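Please look over the structure below before reading on. The report after it takes up the parts in turn.

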Amino acid sequence: MSEFANDFLHRFELERAGVRGVFVRLSDSWNQVRERADYPSVLADLLGRTLAASALFTGNIKFDGALSIQIKNAGPVGLLFAECGSDGRLRGLARWTGDIADEAALLGATPAPLLAITIDNRDSGQRYQGLVPVEDAQLSTLFERYFERSEQLPTRVLLACGDGRCAGLMLQRLPGSVHADDDADAWNRVGHLLASARDTELLALAPETLLYRLFHEESVRLHASKPLRFGCSCSRERVAGMLHSLGRAEGEAAVREDGMVEVTCEFCNTHYRFDRVDLEQVFRGAGDMAAAPIRH
Ligand SMILES: [Zn+2]
């Protein structure tokens, strides 16, 4: 077995079938996301697979920014959010109330929640958002529908979570590939091969071993791996902006007895503290908040 990092993304091609793919596995980054809250196991499993998917979908797009996946108001889950940046930084969280019996209670909620995939492009400042109704389906099926509707790209997605890891494997049929088989069954053939992968294989095998085991007759070409890691994009400047948007009345209401306002980032637990002088600057919209020290 070759050496491989704990958190990585691998792009690959199945040249004979005219298919491109991405394989992602998360361990350290996933554990950092998971340990921030006492998630019920059903929800942790869903969050892990969503986090793996957010990294997976950055594999085939060229952009400078972040891709996020969000589901709101799914039964007892108020919010499920996962994000991966083009720099390989991942973060995610879920908010929930009460008990969660099984995944059907979330994804089968009525009225059907929407799954949103958002790409924020830092360079151009442009934002693209695609929506797919959650309609009582497996998470991977929702993502396949999303790609088929929004990009007209036949797509297969496999996601797995367990044993402190999560993983994703995606295949997309290349439009008009020169290398594609004339064999119209190529897409179905690789789809069946993909479906034969077990969760334990996605979560544990070295990428080369996994892809060879699944697709050894399909001329696999594996590209260099990209490292992934936990990371948050919060900053004192953004928190100041958030306080500013709340307005003075709400900001003043949050001042504690010691005269400070403290805001804790839900993703990374960084504490941002503002004293009265800071707050005055925030509500005047003056001062460079980013220059002030950040306390962890
Ligand atoms: Zn943060």
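## About the model

This is a predicted model, in which local features need pLDDT of at least 70 and side-chain atom pairs count only at pLDDT 80 or more, while totals for chains, interfaces and linings use all residues. Residues are numbered from 1 along each chain as its sequence is written.

Helices (H or I, at least four residues) and strands (E, at least two) are DSSP runs, numbered from the N terminus.

## The open sheet

An open sheet of 5 strands has the order E8-E9-E2-E1-E10, and its pairing is antiparallel. Two strands pair if DSSP finds at least two bridges between them. E8 and strand E10 (220–227) stand at the edges with a single partner strand each, so one side of each has no neighbour in the sheet. From one strand to the next, the twist averages 15°. Strands of a sheet pair through backbone hydrogen bonds, either parallel or antiparallel.

E8 and strand E9 (residues 165–173) run antiparallel and are joined by 8 bridges. Leu158 has Leu169 in E9 as its bridge partner. Helix H5 (residues 186–195) lies across strand E1 (8–14), E2, E8 and E9, and runs at about 170° to E9. Such angles run from 0 to 180 degrees between N-to-C directions, with axes that are lines fitted to C-alpha atoms, for helices over the stretch in contact.

In strand E3 (residues 65–74), 8 of the 10 residues are buried. A residue is buried if 20 or more other C-beta atoms lie within 10 Å of its own, exposed if 12 or fewer, and partly exposed in between, with C-beta atoms placed from the backbone.

E3 runs antiparallel to E6, and 7 bridges join them. One of the pairs is Ala66 with Asp120 in E6. E3 also pairs with strand E4 (residues 77–85), in the antiparallel sense, over 8 bridges. Here Gln70 has Phe81 in E4 as its bridge partner. E3 and E4 form a hairpin with 2 residues between them, and Gly75 in the turn has a positive phi of about 55°.

## Helix H4

Helix H4 (residues 139–150) has 12 residues and reaches 17 Å from its first C-alpha to its last, close to the expected 16 Å. The expected span is 1.5 Å times one less than the number of residues. After H4 comes Gln152, with a positive phi near 50°.

Which residues of H4 are buried? They are Leu139, Leu142, Phe143, Tyr146 and Phe147. These residues cover an arc of only 135° around the axis, so they are on the same side of H4. The arc is that of the directions from the helix axis to the C-beta atoms. An α-helix has 3.6 residues a turn, so residues three or four places apart point the same way. Among the elements that cover the buried residues of H4 are helix H2 (41–58) and strand E7 (127–133).

## Leu26 and the cores

Leu26 is found in strand E2 (residues 19–26). Why is Leu26 counted as buried? Leu26 is buried because 30 other C-beta atoms lie within 10 Å. Beyond four places in sequence, its contacts include Leu51, Ala52, Leu90 and Cys166. Two residues are in contact if their C-beta atoms, placed from the backbone, lie within 7 Å.

The largest nonpolar core has 64 residues, of which Val24, Leu26, Leu51, Ala52 and Ala55 touch the most other members. H2 gives the largest share of this core, 8 residues. A second, separate core of 8 residues includes Val239, Ala240, Tyr272 and Leu279. A nonpolar core is a set of buried Ala, Val, Leu, Ile, Met, Phe, Trp, Tyr and Cys residues joined through C-beta atoms within 7 Å.
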